[in-house]
Amino acid sequence: MRLLEEADLVLHAGDIVSAGALEELASLGPLEAVVGNMDQPALQTTLPERRIVEVEGARIGLLHDAGPRTGREQRLRAAFPGCDVIVYGHTHVPQLERHGDVWIVNPGSPTERRSSPAHSMAVLRVSNGAVEPRLVRL
């Protein structure tokens with residue numbers, strides 16, 4: 001929780017689940033989120049499926065479901081041209097990989113680890129367009 005409170009911006013890649021959880025996250029500070037497949041109908045009608053967020057000269061693409069594993073990175077890069085980082089959710093399996101000049105990031109999940117070895121989240125440090133991502137095990 002401390003990392004979220006200290007963040008300049010929280011990005012959420014879907015499956016917030018309820019309006020109450022969205023309000024709680026938003027109470028911590030600025031929040032950008034996209035809809036996930038587990039979100040209540042109220043969130044499904046208010047949150048976008050994808051978005052691009054600009055932070056200190058860096059463009060960050062955000063979506064929930066990046067589709068099948070095969071070809072995922074290429075699909076993401078094609079869906080978010082010009083982005084420096086693409087953050088996706090759905091799998092609950094952390095991924096932090098550089099593909100060409102783009103970071104592909106799945107933060108895992110702080111609440112539902114499913115097949116992931118641990119609960120996790122990602123922190124993106126952005127300065128003058130340069131992005132330094134890291135995974136945080138919780």
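Ala122 lies in strand E8, where strands (E, at least two residues) and helices (H or I, at least four) are DSSP runs numbered from the N terminus. The model is a predicted one, so local features need pLDDT of at least 70 and side-chain atom pairs count only at pLDDT 80 or more, while totals for chains, interfaces and linings use all residues. Residues are numbered from 1 along each chain as its sequence is written, and side-chain values use heavy atoms, with hydrogens and water left out.

Back to Ala122: this residue is partly exposed, at a relative accessible area of 23%. Here buried means under 20% relative accessible area, exposed means over 50%, and partly exposed is what falls in between (1.4 Å probe, protein chains only). Asp84 sits 38 residues away from Ala122 along the chain, and their C-alpha atoms are separated by 15 Å.

Strand E8 also has a partner. It runs antiparallel to strand E9 (residues 130-137), joined by 8 bridges; pairing requires that DSSP finds at least two bridges between two strands. Val123 stands opposite Arg134 in E9. The two strands make a hairpin with 2 residues between them, and Asn128 there takes a positive phi near 50°.

Ala122 turns up again at the largest pocket, where it is among the residues nearest the centre, along with Leu4, Val10, Leu11 and Met121. A pocket, on a 1 Å grid over the protein atoms alone, is an open set of points where a 1.4 Å probe fits, with protein on both sides within 12 Å along at least five of seven lines, and lining residues have an atom within 4 Å of a point. The largest pocket holds about 1400 Å³ of space, the volume being that filled by probe spheres set on grid points joined across faces, edges and corners. Its lining comes to 46 residues: 26 nonpolar, 10 polar and 10 charged. Strand E8 (120-127) supplies at least two lining residues, as do helix H1 (2-6), strand E1 (10-12) and helix H2 (19-26). The most comes from E8, with 7 residues.

Zooming out, the protein has 4 helices and 9 strands, running α-β-α-β-α-β-β-α-β-β-β-β-β from the N terminus on. The radius of gyration is 14 Å, close to the 14 Å that the globule rule gives for 138 residues, so the protein is as compact as a globular protein of that length. That radius is taken over C-alpha atoms, and the rule is 2.2 Å times the number of residues to the power 0.38. Along the principal axes, the C-alpha atoms fill a box of roughly 40 × 30 × 30 Å. Of the 138 residues, 38% are buried.

Next comes the open sheet. It is built from 5 strands in the order E3-E4-E5-E7-E6, with mixed pairing. Strand E3 (50-55) and E6 are the edge strands, each pairing on one side only. From one strand to the next the twist averages 20°, using axes fitted to C-alpha atoms (for helices, over the stretch in contact) and angles from 0 to 180 degrees between N-to-C directions.

The loop between E3 and E4 contains Glu56, which has a positive phi of about 45° although it is not a glycine.

Leu96 stands opposite Val105 in E7, and Arg98 has Trp103 as its bridge partner. These strands form a hairpin with 2 residues between them, and Gly100 in the turn has a positive phi of about 65°.

Strand E7 also pairs with strand E5 (residues 85-88), in the parallel sense and over 3 bridges; there, Val85 has Trp103 as its bridge partner. In a regular strand the side chains alternate between the two faces of the sheet. In E7 both faces are covered, with Val102, Ile104 and Asn106 buried on one side and Trp103 and Val105 buried on the other.

Key
Ala, Val, Leu, Ile, Met, Phe, Trp, Tyr, Cys and Pro count as nonpolar, Asp, Glu, Lys and Arg as charged, and the others, Gly among them, as polar.
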